[in-house]
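Here is a note for a colleague who has not seen this model before. The points are numbered so that each can be checked in turn.

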Amino acid sequence: MADTDSTFPAANTGAPSLAGNAAVAPDVAAPNASFDSSAEASKAKAGLADAKQQVKEGATKVQQQAVDKIYALAGDGKAKAGSALDQVAQMLNDAAGQVDDKLGQQYGQYARSAADTVTSLSGAIKDKDVEELLDDARAFVTKSPAVAIGIAAALGFVLARVVQSGVETSPSADRAA
């Protein structure tokens with residue numbers, strides 16, 4: 001054990017160097033190679049700008065498709081509401097005859113008047129497009145916010161009752177089967 005240091009490589013006192021082995025790490029082995037960071041940075045920025053533009057275009061396209069779908073659904077709903085109101089008006093007219101027989105012609109006239117009002121509302125809904133109906137609704141809410149809140153609450157209550165009755169009848173129908 002006299003001279004063990006001669007069999008091992010000399011101790012490395014500095015930073016490791018791979019300059020002699022370009023196959024292992026070519027970027028490190030040739031540190032003097034020209035590296036234009038500003039050109040690559042501008043390429044990356046251009047690529048990022050292109051990606052942002054593509055995302056914006058895609059988002060705009062999806063948004064427009066959603067708006068078109070909503071307007072199509074609103075148009076279908078408008079047509080269904082008009083037809084439902086026509087049916088209600090017809091039921092009121094049919095009921096007016098029965099009211100005439102049981103309570104008198106004066107009360108039957110109230111039912112006819114209600115039927116005429118429902119018919120005119122149905123015609124107004126059918127004649128206007130969706131955008132005009134939305135504008136009318138906005139104007140009504142701006143003019144009478146308390147009434148609008150009351151109507152919304154009443155519709156919410158009715159909708160909740162309809163949903164609740166539908167949920168309650170489903171399990172009983174399953175038990176009967």
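How many helices and how many strands does the protein chain have? The protein chain has five helices and zero strands.

1. **Basis of the model.** This is a predicted model, in which local features need pLDDT of at least 70 and side-chain atom pairs count only at pLDDT 80 or more, while totals for chains, interfaces and linings use all residues. Residues are numbered from 1 along each chain as its sequence is written, and side-chain values use heavy atoms, with hydrogens and water left out.

2. **Overall layout.** From the N terminus on, the elements run α-α-α-α-α. Helices (H or I, at least four residues) and strands (E, at least two) are DSSP runs, numbered from the N terminus. Of the 177 residues, 9% count as buried. Buried means under 20% relative accessible area, exposed means over 50%, and partly exposed lies in between (1.4 Å probe, protein chains only).

3. **Surface and contacts.** The accessible surface of the protein chain comes to about 14,200 Å². Carbon and sulfur atoms hold 61% of that surface. Areas come from the Shrake-Rupley method with a 1.4 Å probe; for residues, only the protein chains shown count as cover. Take contacts (heavy atoms within 4.5 Å) between residues at least 6 apart in sequence: 47% of them join residues at least 24 apart.

4. **Helix H2.** This helix covers residues 37–103. H2 has 67 residues and reaches 93 Å from its first C-alpha to its last, close to the 99 Å expected at 1.5 Å a residue. The expected span is 1.5 Å times one less than the number of residues. Which residues of H2 are buried? They are Lys78, Gly82, Leu85, Ala89, Ala96 and Asp100. Their cover includes helix H3 (105–127) and H4. Just after H2, Gly104 takes a positive phi of about 120°.

5. **Helix H3.** H3 has 23 residues. From first C-alpha to last, H3 reaches 32 Å, close to the 33 Å expected at 1.5 Å a residue. Its buried residues are Gly108, Ala111, Ala115, Val118, Ser122 and Ile125. H2 and H4 are among what covers them.

6. **Asp100 and its surroundings.** Asp100 sits in H2 and is buried. Leaving aside neighbours within four places in sequence, Asp100 is in contact with Gln105, Gly108, Gln109 and Arg112. Of these, Gln109 lies in helix H3. Gln109 counts as partly exposed because its relative accessibility is 44%. Gln109 and Val99 are 10 residues apart in sequence and 8.8 Å apart in space, C-alpha to C-alpha.

7. **Asp100 with Arg112.** The side chains of Asp100 and Arg112 meet in a salt bridge (2.3 Å, N to O). The pair links distant parts of the chain, with Asp100 in helix H2 and Arg112 in helix H3, 12 residues apart. A salt bridge is a side-chain nitrogen of Lys or Arg within 4 Å of a carboxyl oxygen of Asp or Glu. Arg112 has 26% relative accessibility, so Arg112 counts as partly exposed.

8. **Other salt bridges.** How many salt bridges does a search of the whole structure find? The search finds four. One of them joins Asp86 and Lys126, with the closest N and O atoms 2.2 Å apart. Asp86 lies in helix H2 and Lys126 in helix H3, so the pair ties together parts that are 40 residues apart in sequence. Asp86 is partly exposed at 30% relative accessibility, and Lys126 is partly exposed at 42%. Asp136 and Lys128 also meet through their side chains in a salt bridge (2.3 Å, N to O). Asp136 is partly exposed at 36%, and Lys128 is partly exposed at 29%.

9. **A nonpolar patch.** Phe140, Val141, Val147, Ile151 and Leu155 form a nonpolar patch on the surface, with about 430 Å² of accessible area together. Helix H4 (130–143) and helix H5 (145–176) each give two or more residues to the patch. H5 gives the most, with three residues. Patches are made of residues with over 30% relative accessible area and no salt bridge: like charges are joined within 9 Å, nonpolar side chains (Val, Leu, Ile, Met, Phe, Trp, Tyr) within 5 Å. Val147 lies in H5 and counts as partly exposed at 44% relative accessibility.
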